[in-house]
Every structure is written in C-alpha cells, then in structure tokens.
Amino acid sequence: MSRIDWVISSCRLLATIGDEFDRTRPFANLTIGTGIHLEPKTVALLLVLARGGADVVSTGNLNSTQPEAVEYLGARGIRVIGGPTTDPDEHDGFLREVLEARPDIILDNGGDLFARWLENPYPSLRGRTEETTSGRALLAPLRERLARPILVIIDSPIKQFAENEHAVGQSVLESFIRITNRSTNGKHVTVFGYGACGRGVARSFAAARARVSVVEVDPVLRLKACLDGFAVPDRDEAIAAADVIVTVTGAPKVISAADASLLRDGVIVLTGGHLPWEIDVAGLREGHDAIAATDGIETIVLADGRRAHVLTGGHMVNLAGPRPLGNSVESMDIGFALQARCLEAIAAGSVAPEACVVPVPRAVDEAVAAAFVALS
Ligand SMILES: NC(=O)c1ccc[n+]([C@@H]2O[C@H](COP(=O)([O-])OP(=O)(O)OC[C@H]3O[C@@H](n4cnc5c(N)ncnc54)[C@H](O)[C@@H]3O)[C@@H](O)[C@H]2O)c1
C-alpha cells in the first residue's frame, strides 16, 4: 500500500461522502478549479469531488506540491496543471491555466486563484470556498465586487478545535520527538502564544510529562493559561528557564538575537507558526558559528560557548524537516469533509450570494460533526 493509499483508507468520513456522491453526483457537469497543496490528504479530497461528477482542474501551492500526488491524481483522470515549483512566475502561470478552464466553482487556499479571477472575472463562477485565514483577509474587503457565496473553512469552530487545537499540538510534539529523538519528561518547555494552536501544544507537551510554562501577550489568555494549570512567568524568566522553546503566535521575531544572552545552554528552539519569522534565525546566527545539520537541527554556538539548537531552520516544524507528515489524517478528514459539503451546498445553489466571505453554515458543521461521531 502506498502512503497515498494509506491516507485515503484512513479518511473514513471522506469515504462515506464519496459513496454518497457516487449516487447523488452533486457536481455533474460542473468544473471545480483548485489551487491547494497537492499531497496525500488533498488527493483524497479531490478524488471524492471527482466521484461527485466534478471535472476537477487543479494545481498546487508554491513549494509544496508532491510529485507522487500529481502522478496519483493524473492516473485517476484528475487534470493537474504543472508540478512542484519554487518559482512564483511559473506558479502564476499554473494558476492562470486553471482559470482558463472557467471553473464553475473554485476551491482556494490563500486566495491565489481568486486574486487572478478578479483580474478577469467571468460570470459563470457560482462561488467558492477558501481554506485559510490569509485568504479570508484578502477577500473580506472585496465583498461588494464578489456578490457570490464564499465560505471560509478555517472559520468553522470544528476546524479551530479539531485541527488548530488538537492536531497541531500532537504534530508539533511528534515532530520535536522525531527530529531530536529527545525525551520530554521533566523538561522545562516554554510555549509562546496561547491561541488555539498554542493551547494544543502546551497541553500535548504537558501530557508528555514536560513542565510547561506559557508566555502570552494577551492578559486574558494568560489568565486562561494560568487557570488551565500552566505557569505564566515573565517572558525573560521563561526563556532563561527553558530547555525547549516553542513559538505558535503568528507574530515576527518572538525570539530574536536580543534574547541570546538569556538562552540556556543546549536549548532547543522550534516554531509551529505559519511563517518562518517567529524565530529570528538569521539574527541569532549573526556573529556566531552555526553548525548546520541535514536532518533538521542547526546548532548555533554563542560567544561564550553556549549552544542553541534551532529546528527546521525556523520553518513550521510539522511541515518542514525530515519526513514531515503535517497534521493527523483524521483532522484533515474532518476539515476536508467540511470542504466537500460546502462545495456541494454551493453547487446546489443553497447558499445565497449574500453569504459572501462567511463561515461554514451551521447545518454543515452539524452534519459533519454528527457523521464523524457516528463513525467513532
Ligand atoms: N503548524 C500548523 O500545522 C499550523 C496549523 C494552523 C495554524 N498554524 C499557525 O500557528 C500560528 C498560531 O495560530 P493560532 O490559530 O493559535 O493563532 P491565534 O491568533 O489564535 O493565537 C496566537 C496567540 O499568540 C499571541 N502572541 C502574539 N505575539 C506574541 C508574543 N510575541 N509573545 C507571546 N504571545 C504572543 C497572541 O496574543 C495570540 O493569543 C499561526 O501562524 C497559524 O497560521 C500552524
């Protein structure tokens, strides 16, 4: 069994939706255009859309397309435009080619396809789904010009707790252990950020018997962390005591060169945040010896000989480095079930044009939640 087969067979919710779509064919005679990471879990989603009768035309996101995913989809009749690329111009060409197919519905990730549709809008577009917060931020000011249903998957409460809270916590912990082969028992772990992701990370390390403290700039969430049982020391004190520092804030330079004097010898620093800017790796390297390793650990030797180890170059630890697996299949199964049901609702015309840049409809949340519990 290939990894893609394993993932598809683990997506039980998508499998039941696929069986239903074989009968109901909600996307018959419709083209769905997608620009989303092409990896095993999205392969499972795109194949389910095809089972629903969609002519799927897809391309990946910049720098994340997996060749096996492209090959697997191609062998099953899904049109994949382009392949892995780190060249923004080439990627731009792939996205434009997807739009040349005049998709009736767009499944977007980060607003890539939508931004280009706006340059040359065609009227037959029925609506779209958007997977991410950054895509929502791009679309919200444009509601007037859009006048079409646009459902934002990340704004489902299910997505927030199933993926950001539970799955990110597990996969950041799993990545720390996989990359370092170090234990967590008794270690002082400091988590920066106590949003949905930070809560999950703090809880996962605590469950793995670490001594976890939380640094959070929002006093309300700091109180929450405190009531949840975590130490909430001042940031400098937390850094100085930490064996492991994890940032999950979305903010830049949370750990910077100015913190070098505080770092404990042997500290391991990693991020679960989306952008590779939470740890200022370049700043920490400056003026110091850096010993790069090929397996995701870089050691920076500070002036007095103390060593700081940075994981995966300061990129999202669960999606970079050796054998990155990302979040659990189950969490993506739930998230992609929301996608499939939202696309079905748009295809059926049951979402009003006024539902433009809005969260997943409550009825969809309820149906997906009930279906997952029924399978558990
Ligand atoms: N690794 C993954 O698979 C994955 C999945 C989903 C989201 N993310 C990313 O994780 C990050 C956090 O997501 P979230 O949903 O928890 O966001 P969030 O906005 O809910 O929480 C971030 C928290 O960090 C706090 N914060 C900001 N700057 C800080 C600082 N300097 N020190 C301490 N606290 C600070 C904020 O007050 C906020 O409470 C984002 O970058 C998001 O894109 C990663």
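This is a predicted model: local features need pLDDT of at least 70, side-chain atom pairs count only at pLDDT 80 or more; totals for chains, interfaces and linings use all residues.
1. Strands of a sheet pair through backbone hydrogen bonds, either parallel or antiparallel. Here, seven strands form an open sheet in the order 3-2-1-4-5-6-14, and the pairing is parallel. Strand 3 (79-80) and strand 14 (356-359) each have a single partner strand, so they stand at the edges, and one side of each is left without a neighbour in the sheet.

2. Strand 14 runs parallel to strand 6 (residues 150-152), and three bridges join the two. In one of the pairings, Ile150 has Cys356 of strand 14 as its bridge partner.

3. Helix 3 and helix 4. The axes of helix 3 (residues 40-51) and helix 4 (residues 67-75) come within 9 Å and cross at roughly 20 degrees. Helix 3 is therefore roughly parallel to helix 4. The crossing of helix 3 past helix 4 is right-handed. On the side of helix 3, Pro40, Val43 and Leu46 take part, and they meet Ala69, Tyr72 and Leu73 of helix 4. By class, this contact has six nonpolar residues, with no polar and no charged ones.

4. Helix 3 and the sheet. Helix 3 also lies across strand 1 (31-35) and strand 2 (55-59). Relative to strand 2, helix 3 runs at about 155 degrees.

How values were computed
Residues are numbered from 1 along each chain as its sequence is written. Axes are lines fitted to C-alpha atoms, for helices over the stretch in contact, and angles run from 0 to 180 degrees between N-to-C directions. Helices (H or I, at least four residues) and strands (E, at least two) are DSSP runs, numbered from the N terminus. Angles under 35 degrees count as roughly parallel, over 145 as roughly antiparallel, 65 to 115 as roughly perpendicular and the rest as oblique. A crossing is left-handed if the near helix is turned anticlockwise from the far one by less than a right angle, and right-handed if clockwise. Two residues are in contact if their C-beta atoms, placed from the backbone, lie within 7 Å. Ala, Val, Leu, Ile, Met, Phe, Trp, Tyr, Cys and Pro count as nonpolar, Asp, Glu, Lys and Arg as charged, and the others, Gly among them, as polar. Two strands pair if DSSP finds at least two bridges between them.
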